[in-house]
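Me: I would like to go through the labels put on this chain and check each against its cut-off. Please give the value, then the rule, then the conclusion.

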Amino acid sequence: MTYFSRLSDIVTCNLNELLSQEADPRAAILSILREMEAGVAGANRSVATATSNQQRIQAEIDEHRQQVEHWRDKAREELVAGREEAARRALMRKREVDDLIAGLQQQLAAAISTSQQLETTRRALEARLAEARRLQEQLLRQSKTSSADDTVENILDDTHVLGADDSDDAEKEKAGRDPVIEDELAALRRELEQKE
């Protein structure tokens, strides 16, 4: 069974709701994880392509800026040599390249925007995948320890509050802390201290 038809479906899905509709949530979470991993892999490829496109356009702009300097220098040389018409032609070529650069800069702005959007989507997909993995771990843990009268709904209700039983996750996260997150955390601490 396919759970997601688009990448945005992964970002907007309610995992608990999806799993509550399944007869075997543990099997369903495996399928969901495979689809999410494929989505993240696709997003990684898209981000790489967008970044490459952005770099290609920037390199082309840089190359054309060198041509602008060349034509400006050429016009200066022609003018010094008393060849005003040749200087005029060089300046016309310079203007053509300037116009080309202006068009490429619009393409670069669009490429940057696309790259940023794809990166945001990729991060959201990775966050949803991490949530699904935590949910899978909790389902497995709870299925091993639950009594015979526990229902799937009880297990899913318990997993709704992410992090309720994440002591292993806490150790993993402590080892690879994100400096941006740590800076935000420190800023929040300072803000709370000022309010006291």
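The turns below take the labels one by one.

Me: How do you know what these values rest on?

Reply: This is a predicted model, in which local features need pLDDT of at least 70 and side-chain atom pairs count only at pLDDT 80 or more, while totals for chains, interfaces and linings use all residues. Residues are numbered from 1 along each chain as its sequence is written, and side-chain values use heavy atoms, with hydrogens and water left out.

Me: How many helices and strands does the chain have?

Reply: The chain has 7 helices and 0 strands, in the order α-α-α-α-α-α-α along the sequence. Helices (H or I, at least four residues) and strands (E, at least two) are DSSP runs, numbered from the N terminus.

Me: Why is arginine 133 called partly exposed?

Reply: Buried means under 20% relative accessible area, exposed over 50%, and partly exposed in between (1.4 Å probe, protein chains only). Arginine 133 has a relative accessible area of 37%, so it is partly exposed. Of the 196 residues of the chain, 28% count as buried.

Me: How many salt bridges does a search of the whole structure find?

Reply: The search finds 16 salt bridges. Glu119, Arg122, Arg123 and Glu126 are linked in a network of them.

Me: How far apart along helix α4 are lysine 94 and aspartate 98?

Reply: Lysine 94 and aspartate 98 are 4 residues apart in helix α4, which means a separation of about one helical turn. Their side chains form a salt bridge at 2.7 Å, N to O. Lysine 94, at 15% relative accessibility, counts as buried, whereas aspartate 98, at 28%, is partly exposed.

Me: What are the closest N and O atoms of glutamate 191 and lysine 195 apart?

Reply: The distance is 3.8 Å, and the two residues form a salt bridge. They are 4 residues apart in helix α7 (residues 179-195), about one helical turn. Glutamate 191 is partly exposed at 40% relative accessibility; lysine 195 is exposed at 64%.

Me: Which residues touch the most other members of the largest nonpolar core?

Reply: A nonpolar core is a set of buried Ala, Val, Leu, Ile, Met, Phe, Trp, Tyr and Cys residues joined through side-chain atoms within 4.5 Å. Among its 19 residues, Phe4, Leu15, Leu18, Leu19, Ile29, Ile32 and Met36 touch the most other members. At least two residues of this core come from each of α2 (15-20), α3 (25-80) and α4 (84-145). α3 gives the largest share, 7 residues. A second, separate core of 12 residues includes Ile57, Trp71, Leu108 and Ala111.

Me: What does leucine 18 touch?

Reply: Contact means heavy atoms within 4.5 Å. Leaving out residues up to four places away in sequence, leucine 18 touches Tyr3, Phe4, Cys13 and Ile32.

Me: Why is the pair of tyrosine 3 and phenylalanine 4 called tilted?

Reply: Rings of Phe, Tyr and Trp (its six-membered ring) pair if their centres lie within 6.5 Å; planes under 30 degrees apart count as stacked, over 60 as edge-to-face and the rest as tilted. The count comes to 1 aromatic pair. The ring centres of tyrosine 3 and phenylalanine 4 are 6.4 Å apart and their planes lie at 50 degrees, so the pair is tilted. Both residues are buried.

Conventions. A salt bridge is a side-chain nitrogen of Lys or Arg within 4 Å of a carboxyl oxygen of Asp or Glu.
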